Amino acid sequence: MVRWKRVLSKVYLALIFLFLYLPILMLIVLSFNNSRSRVTWGGFTLNWYVRLFSDSRILDALRTTLALGIGSAAIATLIGTLGAMGIQAMKRRNYQIVMAVTNIPVLNADIVTGIAMMLWFVRFMPLGFSSVLIGHVTFSIPYVILSVMPKLRQLNLSIYEAARDLGANGVYAFGKIILPQIWTGILSGFFMALTMSMDDFVITYFTKGAGVNTLSTMIYGEIRKGIKPEMYALSTLIFAVVLIILLCTNFLSGRGKEAAEKKQPAD
Amino acid sequence: MEEHILELNRISKSFDGKMIIKDLNLKIEKNEFITLLGPSGCGKSTTLRIIGGFEKPDTGTVLFHGKDITGLAPDKRNINTVFQKYSLFPHMNVEENIAFGLKLKKKSKAYIQDKIRYALKLVNLEGFEKRETTSLSGGQQQRIAIARAIVNEPDLLLLDEPLGALDLKLRKDMQRELINIKKEVGITFIYVTHDQEEALTMSDKIVVMNKGIIQQMGTSKSIYDEPQNAFVADFIGESNIVDGVMLEDRVVSISGVKVECVDEGFGTDEPVDVVIRPEDLEIREAGKGYFDGTVISVLFQGAYYEIKIRVADTDWISQSVTAPRAGETVGLYVLPDNIQIMHKPRSEDAEVVRE
């Protein structure tokens, strides 16, 4: 019985590697392959990466992606953090309603969100960078709220009152006492929003209009014309960056948890 | 005439339509140790939060040194609070916690260092400067919270059930320490607790509250010995509260027996509540007291026995160092001085005091 369990868990692990990580690994290998073929190894090269960075369209798309990612993540973090504090202060019933509503964009199919936003935006503004930005801010906010909220719930709000009591005004007490307790949550919310934005294809595709391209929409456009090895290199880079951000986020929330455990009185 | 440091005038406060404090008036004298005592939900903590500036009363004013501070923010009042949940800043060490208020007041480094050392000595935690607050026990954390408040030299120190989270032994030690700290720093203390024993031990003056109304105010002794209504009698220590009829001055009828007492001015044949403390109810041989009753139960309580005796349809509690056997018939006697007579509550408003 126990042996069966062990075998099954090995099989499960193997399947995950086979279908999830192996393709990515293949992609990474191919990005260093000195051959256009997808089946033969022609030696190691960084050629595709060099070409990638000499292609002005790709660099444009990269700049757009980064501007969009950082900009939308920053705005979403600000709104989401304030929102989380507001929601936290709500009464139980309203709290539950708003948290349920917050989860809708996370669970909703991207294509529905994307088309809905497109239809809405074309009424008010030309589709372009700003419409994509608004779109990204919108779908990122819930992720920020969901990562800040647990920090706020752990918080003993009377420390804010204690700071006021000792002579701090509201702003000072927030910056000096509350912020240090929740900043890991805020930062991991920011990174989450950044990943979501860089990752997104569907919503960007519908709200971007002509002329604006992020890496994901550009790759999509390129692949329709035929797969070029530069795209392997580009995909590898995106994967690496997202992986690093994810590791950072995990590290941050891990640290937050340790701090919270330490916070329990020692007696 | 002594100076009033704080005056609450006709304070009312409700949350979500529920009245928490009703038309409360309270004057606090300088250098007093005053305790607000009552069951949870009686409005004592809300009263403290109004004094601290964390809640605004719906109506009424708060005067501090004669000046109206009703709408003033907490950081603008020379009042400090020791919170129930310690509320130390978890990302700062002991020293930084204590220095927080002083740094805001732009005190010099040397002054702050001096104050920290003095305060830690006061709370018996010398040498704890660099310790992380998260590594301290509950009792130690509460001492740091007290030190953090006291270094600011407030005119008024508010303590919101500061010992509530500590175990019994530690609580007793801290009670003694708090009294010493109070003597040493000479600050007016307003203390909130639901623990009547704690209140009796520590306070110069006790304010007994229930349902947002002050039931009685006075020294520990006067509140214990002369409760003004059934609520106070019941809440402060244990009491036998039984129905009686005041036949004439100094004679009350309990369970149909004429009993001598010292109360006057209740009129004749007036129904009253009679309060007798368990330790004042003497157990004698059958026939040698006012009434005879059957011992129902005897519980050993450490320093004394708690004995339940049934007389006709009334159960009495007595405390005694010697114990009769259960089922035995005994006599009950009480000295006239130890009987407290109270009016029966008449109006609905008076009814709330009965719980």
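I began with the term core: a nonpolar core is a set of buried Ala, Val, Leu, Ile, Met, Phe, Trp, Tyr and Cys residues joined through C-beta atoms within 7 Å. Buried means that 20 or more other C-beta atoms lie within 10 Å of the residue's own; exposed means 12 or fewer, partly exposed lies in between, and C-beta atoms are placed from the backbone.

**Ground rules.** The model is predicted: local features need pLDDT of at least 70, side-chain atom pairs count only at pLDDT 80 or more, and totals for chains, interfaces and linings use all residues. Residues are numbered from 1 along each chain as its sequence is written, and chains are lettered from A and ligands numbered from 1 in the order in which they are written.

**Cores.** I looked up the largest nonpolar core and found 98 residues. B:Ala147, B:Ile190, B:Val207 and B:Val208 have the most contacts inside it. Helix H4 (residues 138–150) of chain B gives the most to this core, six residues. Helices here are DSSP runs (H or I, at least four residues), strands likewise (E, at least two), numbered from the N terminus. Why does this core lie between domain 1 (4–230) and domain 2 (240–354) of chain B? Both domains give residues to the core, so it lies between them. I noted a second, separate core of 25 residues, which includes A:Leu155, A:Ile182, A:Met192 and A:Phe206.

I then checked B:Ala147. Leaving out residues up to four places away in sequence, B:Ala147 touches B:Ile98, B:Ala119, B:Leu120, B:Leu122 and B:Val123. Contact means C-beta atoms, placed from the backbone, within 7 Å.

**Chain B overall.** I counted nine helices and 20 strands in chain B. The C-alpha trace of chain B spans about 75 × 45 × 40 Å along its principal axes. Of its 355 residues, 40% count as buried. I took contacts in chain B between residues at least 6 apart in sequence; 65% of them join residues at least 24 apart.

**Domains of chain B.** The bounds come from an automatic or database domain assignment. The centres of domain 1 and domain 2 of chain B, taken over C-alpha atoms, are 38 Å apart. Nine residues of domain 1 are in contact with eight residues of domain 2 in chain B. I sorted the domain 1 side of this contact into three nonpolar, four polar and two charged residues. Ala, Val, Leu, Ile, Met, Phe, Trp, Tyr, Cys and Pro count as nonpolar, Asp, Glu, Lys and Arg as charged, and the others, Gly among them, as polar.

**Between the chains.** I found 19 residues of chain A in contact with 23 residues of chain B. On the chain A side, helices H7 (158–165), H8 (170–199) and H11 (229–263) each supply at least two residues. H7(A) gives the most, six residues. The chain A side divides into eight nonpolar, five polar and six charged residues.

I traced an open sheet of four strands in chain B, order S2-S1-S4-S5, with antiparallel pairing. Two strands pair if DSSP finds at least two bridges between them. The edge strands are S2 (18–29) and S5 (67–68) of chain B. S1 (residues 4–15) of chain B pairs with S2(B) over eight bridges. The bridge partner of B:Glu7 in S2(B) is B:Lys27.

Last, I looked at helix H1 (residues 44–52) of chain B: eight of its nine residues are buried. Among them are B:Leu48, B:Ile50 and B:Ile51. Just after H1(B), B:Gly53 takes a positive phi of about 100 degrees.

Methods: Contact = placed C-beta atoms within 7 Å.
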